[in-house]
Amino acid sequence: MCFRLRFRRSRWRSIVTAVTELIAIFDRERNVFVNDDGATRLIIGTVRDPKTDDQTTVRGEADEGDLQHNLVYRFWGQWRVHDKYGRQFAFENFVAEKPAGEVAVTTYLRQCQGIGLATARLAAA
């Protein structure tokens, strides 16, 4: 019996090996990959810098509904370069920041059960 070992060249190159913090506004999920068991959910999404509006690609594990459009999040992870897709932030953890601005407060309040768009807009105004 013969075994052949194959080693795939990694498509990732780390830019920084230390854990880095990224504070950004979540725009959308571009791709979602779910394991067969449904327990692991990898997302590739787009975020933008609150000050400069520059867009960045983020990737990591997140449950459905954890990342909401137009909310500010604090991500912890590493900057990486993918051979095909370029520079991305691979996050390991994240937490929602305190919402700032009427749109962010409205989006945040709509996450609560029983609060619709009209009620959220009234509370945010």
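Residues are classed as buried when their relative accessible area is under 20%, as exposed when it is over 50%, and as partly exposed in between, with a 1.4 Å probe and protein chains only. Helices (H or I, at least four residues) and strands (E, at least two) are DSSP runs, numbered from the N terminus. The structure is a predicted model, in which local features need pLDDT of at least 70 and side-chain atom pairs count only at pLDDT 80 or more, while totals for chains, interfaces and linings use all residues. Residues are numbered from 1 along each chain as its sequence is written, and side-chain values use heavy atoms, with hydrogens and water left out.

The protein contains six strands and two helices, arranged along the sequence in the pattern β-β-β-β-β-β-α-α. Of its 125 residues, 30% are buried. With contact defined as heavy atoms within 4.5 Å, 46% of the contacts between residues at least 6 apart in sequence join residues at least 24 apart.

Strand E3 (residues 41–48) is largely enclosed by the rest of the structure, because seven of its eight residues are buried. Strands are taken to pair if DSSP finds at least two bridges between them. On one side of the pairing pattern, strand E2 (residues 20–34) runs antiparallel to E3 and is joined to E3 by eight bridges; in this pair, Phe33 stands opposite Leu42. The hairpin of E2 and E3 has six residues between the strands, and Gly38 adopts a positive phi near 80° there. Val34, also in E2, touches Thr40 and Arg41 when residues up to four places away in sequence are not counted. The C-alpha atoms of Val34 and Glu61 are separated by 9.7 Å, with the two residues 27 apart along the chain.

E3 also runs antiparallel to strand E4 (residues 55–61), to which seven bridges join it. Here Arg48 stands opposite Gln55. Asp53, in the loop between E3 and E4, has a positive phi of about 65° although it is not a glycine. Most residues other than glycine have a negative phi. A further case is Asn70, a non-glycine residue with a positive phi of about 70°, placed in the loop between E4 and E5. Asn70 counts as buried, because its relative accessibility is 18%.

Within E4 lies Gly60, which counts as buried because its relative accessibility is 6%. Gly60 touches Arg41, Leu42, Ile43 and Phe91, residues up to four places away in sequence not being counted. Its C-alpha atom is separated by 5.4 Å from that of Leu42, 18 residues away along the chain.

A nonpolar core is a set of buried Ala, Val, Leu, Ile, Met, Phe, Trp, Tyr and Cys residues joined through side-chain atoms within 4.5 Å. The largest such core has 15 residues, of which Leu22, Val47, Leu67, Phe75, Phe89 and Phe91 touch the most other members. At least two residues of this core come from each of E2, E3, strand E5 (72–82) and strand E6 (86–96). Leaving aside neighbours within four places in sequence, Phe91 is in contact with Ile43, Val58, Arg59, Gly60, Glu61, Leu67, Phe75, Trp76 and Gly77.

Pockets were identified on a 1 Å grid over the protein atoms alone, a pocket being an open set of points where a 1.4 Å probe fits, with protein on both sides within 12 Å along at least five of seven lines; lining residues have an atom within 4 Å of a point. Volume is the space filled by probe spheres set on the points, which are joined across faces, edges and corners. The largest pocket holds about 160 Å³ of space. Helix H1 (102–109) and helix H2 (117–124) are the elements that give two or more residues to the lining of this pocket, and H1 gives the most, with four residues. Gln68, Glu102, Val103, Thr106, Thr107, Arg110, Gln111, Leu117 and Arg121 form the lining. The buried residues of H1 are Ala104, Thr106, Thr107 and Leu109, and H2 is included in what covers them.
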